[in-house]
Amino acid sequence: MSDGQRSGEDDPARASEGAVLLVEGLVRRFGDLTAVDGVGLRIEAGQTYGLLGPNGAGKTTTISMIAGLLPADAGTISVLGRPMGPREVEVKHHIGLVPQDLAIYPELTARENLAFFGRLQGMRGRQLIERIDEVLDLIALSDRADDATKDYSGGMKRRLNIAVGLIHRPALLILDEPTVGVDPQSRNAILRSVEALSGEGMAVLYTTHYMEEAARLCDRIGIIDSGRIRAEGTRSELITLIGGVDTIRLTGAGPVEESAEALRLLEAVDKVGVEGRCLTLTVHDAPTTVAQVVTTAARTGLALDEVEIVRPDLESVFLHLTGKALRD
Amino acid sequence: MRPVLVIAGVELRRLQRDRSNYFFVLVLPLLLVLVIGAQFSDDSNGRVAVAGGESTLRENLVRALRADDVEVTVASPQTVREKVARGRADVGIIVSPQAARAFATQGDLEFTLIPGVRSDSPALLHRARSVLSRLTVQSGQLAALTDRGMSREAARSALADAAQSLRRPTLEVVDVDESAQEFSGLGQFDVGARGQTLLFVFVTALSGASALIRTRRLGVLSRTLTAPVSARQVFAGQALGRFAVATFQAVYIVLLTAVLFGADWGSPGPVLLVLLLFSAVAAGTSLLIGTVADSDTVASGLGIGLGLVLAALGGGMIPLELFGSTLRSVAHLTPHAWAYDALAQIRGHGAGVLDVLPELAVLAVMALALLSLGTWTLRRSTARGL
Ligand SMILES: Nc1ncnc2c1ncn2[C@@H]1O[C@H](COP(=O)(O)OP(=O)(O)OP(=O)(O)O)[C@@H](O)[C@H]1O
Ligand SMILES: [Mg+2]
């Protein structure tokens, strides 16, 4: 809470300046359980923010409050500088929500579903028809647009679920684990359309427990667990944050022990482990050190078969911060 | 207003996509009307079994009885006796060969009448007697005319002309019993159709509660609320869809009973107004259940149970006119009783909108209260988040 207020520098208008979404100190309890515990985040136009966390972390609860479905117990939400909550009606124009579970009418066609939600957003006539075609194109469903959605494959339903959130060109698009249970092809299509949307200047809030997705899509990532944001930043900031160490693995024939001795003397190398024909080096920044390491090993007479660089990923960041794995 | 229409429209379209709804909306009411018709519009004035060989007399007798809406079967004297004894016929008539001959030659007519055991067979017996005496008189008249030198053909046509210009006496039955007075002028059919229509419209509307539960389960309802619409608009839209269906059904049943069975509902304007408000109450109740109950089965159980209990209390099964005064007050906790009263006044006493204003006002208040309560429970049901 105090963090959010300080960054606001006593002037809420300044804090939300340029921000499409600004959330501060958000709290939601269900009985004894505090599902969301002081979440704050800020997303600007064209930015994609990833909320990365395991099952039950509080991602959906956070989103429900931002979309105005669930009242918050504490904290503030503003969208384009205007307060947002369950009783706000007009602000909802700027938000597009793609819920985690499919929320489309199975009896209706894709076109009818899109038309319904478009009309609820106040769209009509030619403008609506054109936008529906545009969105159908974006999610590659044009050829099945007039079939009842209950006959769609899982991936097609997911894509339509996303399209419904986009129909009114919201300033803020919220996607709650949009790729769960989707085949690789549809998943790729979904990720590509999210990239395209953020390229068009949409602010995107994307929750997932797949770190590859967060790494690929998101400009900033918040790591959430038990309702709290444990760390936040760009991918490399997060890795640096945990004092990210890289690993270089050398495999080769020759005087392994001697090479290990020589490598230990290098300043860039922290630790060297030996296991049979394999040397494992802990270094600060593998890309800049690797040349020196390879030269040194060669000088001691080691004939290298293989050089492998292992860098920490968000998974290890997560493990480091929460002591648990992202997926259960 | 537009979001309300958009939501109502999409609900109707969904309804239309599911073929089984055609059965519930179009076919089932028709079946209901036929059942009501069979129950209450039994126009037959009883069953008469006639015995006797082929003769002009027998033919005339059968024709005259049928003209009086009596069901007639022709059989051997033995079978006729059996039929009456077993209750398959209410009255038996045996036309002897002598009588048949006497009819042809204008002699004296003699019949054997066998009365049945059914409580209303005295009435039928009476009817049969009057038919027989009419035949006897006719044959006497014919004899008198031919005796005066008229040809048989001319005599017959003169008699037929006379029968045409005769006016049958109208009988007015005056009841002393209070409830009988309330029913006076009404066919049984009118009363039965009124109560059962209310019952049916309410029960089928309540069955719509499960549709709302499905919408909630689909997550579409929550998603609808993320659009710039208020909970009140969402509820009103859902209600409007249900309301349109209930009103359609009510009007459809009224028209069918009127066209198929000649039921008389009274002046159409006020009847429509009552049906509109009653349908609104039914739709509101249905949606309230749909937002409170969490499962399909609970909703349909609750819907049918509530629908039947309210109908039984409110005159949907037994006409309100037969209720005691205490029970009548209880009955007026239900929308059915108010709608029933209004319809009874419109039909029985030719009441206009102004005369049934209190009933209409009560129904309107009920509908508004349900709409407000439903909006509140809807908001609560979606405030669990996604
Ligand atoms: N309506 C509710 N009533 C009670 N508890 C709830 C409710 N909604 C969520 N919770 C609890 O709040 C916690 C956070 O749930 P939430 O759905 O926000 O997690 P999530 O991060 O979206 O998880 P997932 O990845 O599985 O979707 C969970 O422990 C959940 O059981
Ligand atoms: Mg979730």
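**Group meeting: a walk through chain A**

Let me start with one residue pair. In E13(A), Leu279(A) is the bridge partner of Leu250(A). Before going on, the ground rules. This is a predicted model, where local features need pLDDT of at least 70, side-chain atom pairs count only at pLDDT 80 or more, and totals for chains, interfaces and linings use all residues. Residues are numbered from 1 along each chain as its sequence is written, chains are lettered from A and ligands numbered from 1 in the order in which they are written, and side-chain values use heavy atoms, with hydrogens and water left out.

Back to the strands. Strand E11 (residues 246-253) and strand E13 (residues 278-283) of chain A run antiparallel, joined by six bridges. Helices (H or I, at least four residues) and strands (E, at least two) are DSSP runs, numbered from the N terminus. Two strands pair if DSSP finds at least two bridges between them.

Now the sheet. Four strands of chain A make an open, antiparallel sheet, ordered E12-E13-E11-E14. At its edges sit strand E12 (269-275) and strand E14 (303-310) of chain A, each pairing on one side only. From one strand to the next, the twist averages 20°.

Which helix packs on the sheet, touching E11, E12 and E13 of chain A? Helix H10 (residues 256-264) of chain A, whose direction makes about 170° with that of E12(A). Helix H11 (residues 286-299) of chain A lies across E11, E12, E13 and E14 of chain A, at about 25° to E11(A). Contact means heavy atoms within 4.5 Å. Axes are lines fitted to C-alpha atoms, for helices over the stretch in contact, and angles run from 0 to 180 degrees between N-to-C directions.

Thr60(A) is in helix H3 (residues 59-66) and Gln100(A) in the loop between strand E6 (95-98) and helix H4 (110-120) of chain A, 40 residues apart.

Buried or exposed? Thr60(A) counts as buried, at 18% relative accessibility. Gln100(A) is partly exposed, at 26%. Buried means under 20% relative accessible area, exposed over 50%, partly exposed in between (1.4 Å probe, protein chains only).

Glu177(A) is not a glycine, yet has a positive phi of about 40°. Glu177(A) is buried, at 4% relative accessible area.
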